[in-house]
Amino acid sequence: MKQRKPAAPANVKTKAEGALVAPPRPSTVQRIPDPVDAATLAEIFARLSAANPAPRSDLEYINPYTLLVAVVLSAQATDRSVNLATRDLFAKADHPAAMLALGEEVVRHHIRTIGLFNTKAKNVIALSRLLIADHGGEVPRERAQLEVLPGVGRKTASVVLNVAFGEPTIAVDTHIFRVSNRIPLAPGRTTDAVQAGLEAVVPEPYRLNAHHWLILHGRYVCKARKPECWRCVIADLCRYPDKTPARGPGT
């Protein structure tokens with residue numbers, strides 16, 4: 001008697017339909033952890049606060065204008081590289097009129113070690129010109145007015161509003177995006193979604209400094225390739241399944 005071939009699983013294509021696709025094995029499907037609950041979220045920020053009560057941006061600046069310029073320059077660049085470039089620049093120009101007096105060529109020379117320096121030099125001169133023409137040389141406190149300046153997007157505006165003017169905004173960069181999705185705090189597919197989620201759930205007492213705590217945590221502890229979980233103050237609260245073990249002697 002001729003044996004009948006077993007029917008293909010419903011989620012597997014036959015040769016007639018196209019390439020064979022094996023169904024995923026249950027053991028290889030990694031479940032995404034649920035976001036931490038409100039009590040755990042509050043404890044996470046309480047510990048980050050205790051470890052660093054007065055967090056500050058790694059960017060060096062003098063006033064709201066130099067902060068704005070520094071954040072614009074920091075796109076696709078490290079804070080360290082920006083600081084090295086702006087120390088001499090800000091010593092010569094710490095307000096829009098002085099920056100315009102230097103001119104684009106001189107600005108370009110100062111920031112030549114930073115990625116995209118040609119475009120960034122144009123933006124610094126252009127935003128300085130607009131600040132003088134439309135805002136009397138002052139950095140505006142309204143998001144909409146900030147976001148129309150050359151080189152200024154949602155993240156840059158959020159940083160300026162938070163750091164310069166004390167607004168409880170949370171600017172989401174690659175570090176905060178990773179940390180928020182990894183713990184997870186307020187997971188999302190886009191930086192805007194993560195920002196909205198964080199600003200909705202972070203307890204009010206911690207909202208002003210949340211941006212700093214999360215970015216510093218992501219930069220120095222919860223690193224992209226190999227998070228240093230063994231020295232993390234919130235490791236027992238984090239739901240990330242692939243925690244990095246402590247290194248043994250001689251490793």
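How many aromatic pairs does the ring rule give? The count comes to 3 aromatic pairs, where rings of Phe, Tyr and Trp (its six-membered ring) pair if their centres lie within 6.5 Å.

1. Ground rules. This is a predicted model, in which local features need pLDDT of at least 70 and side-chain atom pairs count only at pLDDT 80 or more, while totals for chains, interfaces and linings use all residues. Residues are numbered from 1 along each chain as its sequence is written, and side-chain values use heavy atoms, with hydrogens and water left out.

2. The stacked pair. A pair of aromatic rings is described by the distance of the centres and the angle of the planes. For F45 and Y206 the ring centres are 6.2 Å apart and the planes stand at 20 degrees, so this pair is stacked (planes under 30 degrees apart count as stacked, over 60 as edge-to-face and the rest as tilted). The pair links distant parts of the chain, with F45 in helix α1 (residues 38-51) and Y206 in helix α11, 161 residues apart. Helices here are DSSP runs (H or I, at least four residues), numbered from the N terminus.

3. The tilted pair. F45 also pairs with W213: their ring centres are 6.5 Å apart and their planes at 50 degrees, so the pair is tilted. Since F45 lies in helix α1 and W213 in helix α11, this pair ties together parts that are 168 residues apart in sequence.

4. L214 has its place in helix α11 and counts as buried at 1% relative accessibility. Leaving aside neighbours within four places in sequence, L214 is in contact with F45, L48, I176, V179, L185 and L198 (contact means heavy atoms within 4.5 Å). L214 and I170 are 44 residues apart in sequence, and their C-alpha atoms are 9.3 Å apart in space.

5. Helix α8 against α11. The axes of helix α8 (residues 154-163) and helix α11 (residues 204-220) come within 10 Å and cross at roughly 125 degrees. That makes α8 oblique to α11 (under 35 degrees is roughly parallel, over 145 roughly antiparallel, 65 to 115 roughly perpendicular and the rest oblique). Axes are lines fitted to C-alpha atoms, for helices over the stretch in contact, and angles run from 0 to 180 degrees between N-to-C directions. At this contact, V159, N162 and V163 in α8 meet L208, H211 and H212 in α11. These residues divide into 3 nonpolar, 3 polar and no charged.

6. Helix α2 against α8. The axes of helix α2 (residues 64-73) and α8 come within 10 Å and cross at roughly 150 degrees. Here L67, L68, V71 and V72 in α2 meet T156, V159, V160 and V163 in α8. The residues of this contact divide into 7 nonpolar, 1 polar and no charged (Ala, Val, Leu, Ile, Met, Phe, Trp, Tyr, Cys and Pro count as nonpolar, Asp, Glu, Lys and Arg as charged, and the others, Gly among them, as polar).

7. S180. Is S180 buried or exposed? At 0% relative accessibility, S180 counts as buried. S180 is found in helix α9 (residues 174-182) and touches L185, A186, P187, V194 and L198, not counting residues up to four places away in sequence.

Key
Helices (H or I, at least four residues) and strands (E, at least two) are DSSP runs, numbered from the N terminus. Buried means under 20% relative accessible area, exposed over 50%, partly exposed in between (1.4 Å probe, protein chains only).
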